[in-house]
Amino acid sequence: MTDVKIDCWKGGVIYQIYPRSLQHTTGDGIGDLPGITQRLPYVASLGGDAVWISPFFTSPMKDFGYDVSDYRGIAPLFGDMEDFDALIARAHELGLKVMIDLVVSHSSDQHPWFAESRASRNNPKADWYVWADPKPDGTPPTNWLSIFGGPAWQWEARREQYYLHNFLASQPDLNFHNPAVQDKLLAMARFWLDRGVDGFRLDTVNFYFHDAQLRDNQPLPRELRKADTAPAVKPYNHQSHKYDKSQPENIAFLERFAALLRQYGAAVIGEIGDSERSLELLEGQEADAQSMLHHYRWAIGLRRKHSALRGGRHDRHSCRRAGPDLQPRRQPAILANPRQPVGQGSGGPAAMAGLDHRGIRFKGGRRWPT
């Protein structure tokens, strides 16, 4: 923690950084952690309170880092742990908080956990992922669909079972119904907090749990379909996603996560990917998780003379959002890296930058202490 205590949910400014596209230092044209460190004084000069860094973990990059194969490792193209520690130190010198992306609803299929889990039905990690037997005719156990297209189930011949993947087939869903999985992920979060991280952005936070009874989703009438979570052309929008995500068991895990964060005075924001029930989910989790969840507003494309910034520092009473009806609000502003690519990442640019006409995206967060 730094000496400058801020409440970033009452008008603070968070600058999102997509590592690949910000600044490279090795001449390969790929942004890296030392490049971010070099640019931190610029972010601080704008009046930023914190930086949110998109995934930089070890990954085969089939989904641009949102497919993690080592939650405690750093992808070599971005640097190493020494580079990360230097970034944290420099940010704190400048009075900036550092928030990192955690993608834990799923891992990469190249993660050692999944390699062990898929090998048999009776190994120590056999139930660390979501496995299910086929229907009698060999088809998938439910009608659930992947956001990226096609069924949300992939056959594994070694187990003669299907595994669940809400995104790419190379992104198997972790089984949050297993307490050992929760414990391992919380230990991983503690690892990063011990290295000086001030908070997390939780990718697809409402995808952690699935319906344990594996019930089919029902059709969604055409007039109720929206394209906020998946493109309109995807059959994903034809279902009411009652059973494949947004389960009540999520609250208890988020409370465990919040208890960990309180030990460090850290913050968390969570992406809720549900175009059908965003308000309902937000209200329910605010009530049940001790107001852990809030929503924040976006200001896309940061410029030095952004309306929320005054004379090199931001006006905490005038963080403003994108959209046709701009009004001064005591809301946190998320300022995105202008060079961030659009349309990549399961919970990345495509999901995060798409605004409706009101400019509203629902997220979650616990305040940093004042």
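Reader: Which residue lies over the face of tryptophan 131, and at what distance from the ring centre?

Author: Arginine 159 does, at 4.1 Å from the ring centre. A charge sits over a ring if NZ of Lys or CZ of Arg is within 6 Å of the ring centre and within 35 degrees of the ring normal. Lysine 125 lies over the face of tryptophan 128, at 4.8 Å from the ring centre.

Reader: Before we go on, what sort of model is this?

Author: A predicted model, where local features need pLDDT of at least 70, side-chain atom pairs count only at pLDDT 80 or more, and totals for chains, interfaces and linings use all residues. Residues are numbered from 1 along each chain as its sequence is written, and side-chain values use heavy atoms, with hydrogens and water left out.

Reader: OK, how many aromatic pairs are there?

Author: The count comes to 22 aromatic pairs. The rule takes rings of Phe, Tyr and Trp (its six-membered ring) with centres within 6.5 Å; planes under 30 degrees apart are stacked, over 60 edge-to-face, and the rest tilted.

Reader: Why is the pair of phenylalanine 84 and tryptophan 192 edge-to-face?

Author: Their planes are at 80 degrees, with the ring centres 5.1 Å apart, so the pair gets that label. Phenylalanine 84 lies in helix α3 (residues 81-93) and tryptophan 192 in helix α5 (residues 179-194), so the pair ties together parts 108 residues apart in sequence. Helices here are DSSP runs (H or I, at least four residues), strands are E runs of at least two, and both are numbered from the N terminus.

Reader: And is phenylalanine 84 buried or exposed?

Author: Buried, with a relative accessible area of 0%. Tryptophan 192 is also buried at 0% relative accessibility. The cut-offs, with a 1.4 Å probe and protein chains only, are under 20% relative accessible area for buried, over 50% for exposed, and partly exposed in between.

Reader: Which residues form the aromatic cluster with Phe176?

Author: Phe200, Tyr208, Phe209, Phe253 and Phe257 form one cluster with Phe176. Phenylalanine 176 and phenylalanine 253 are both buried.

Reader: Back to α5. How far does the helix reach?

Author: α5 has 16 residues and reaches 22 Å from its first C-alpha to its last, close to the 22 Å expected at 1.5 Å a residue. The expected span is 1.5 Å times one less than the number of residues. Its buried residues include Val181, Leu185, Met188 and Trp192.

Reader: What caps the N-terminal end of α5?

Author: Asparagine 178, through a side-chain oxygen 2.9 Å from the backbone nitrogen of alanine 180. Just after α5, glycine 196 takes a positive phi of about 110 degrees.

Reader: Switching to the sheet: what's the strand order?

Author: β6-β8-β7, an open sheet of 3 strands with antiparallel pairing. β6 and β7 stand at the edges with a single partner strand each, so one side of each has no neighbour in the sheet. Two strands pair if DSSP finds at least two bridges between them. Strand β6 (residues 131-132) pairs with β8 over 2 bridges, and strand β7 (residues 153-156) pairs with β8 over 4 bridges.

Reader: Which residues stand opposite each other there?

Author: Glutamine 154 is opposite tyrosine 163 in β8, while tryptophan 153 has leucine 164 as its bridge partner. Alanine 132 stands opposite tyrosine 162.

Reader: Are the faces of β8 covered or open?

Author: Both are covered: Gln161 and Tyr163 on one side and Tyr162 and Leu164 on the other are all buried.

Terms used: A polar contact is a pair of N or O atoms within 3.5 Å; within protein, one must be able to donate a hydrogen and the other to accept it, and residues adjacent in sequence count only if both atoms are side-chain atoms.
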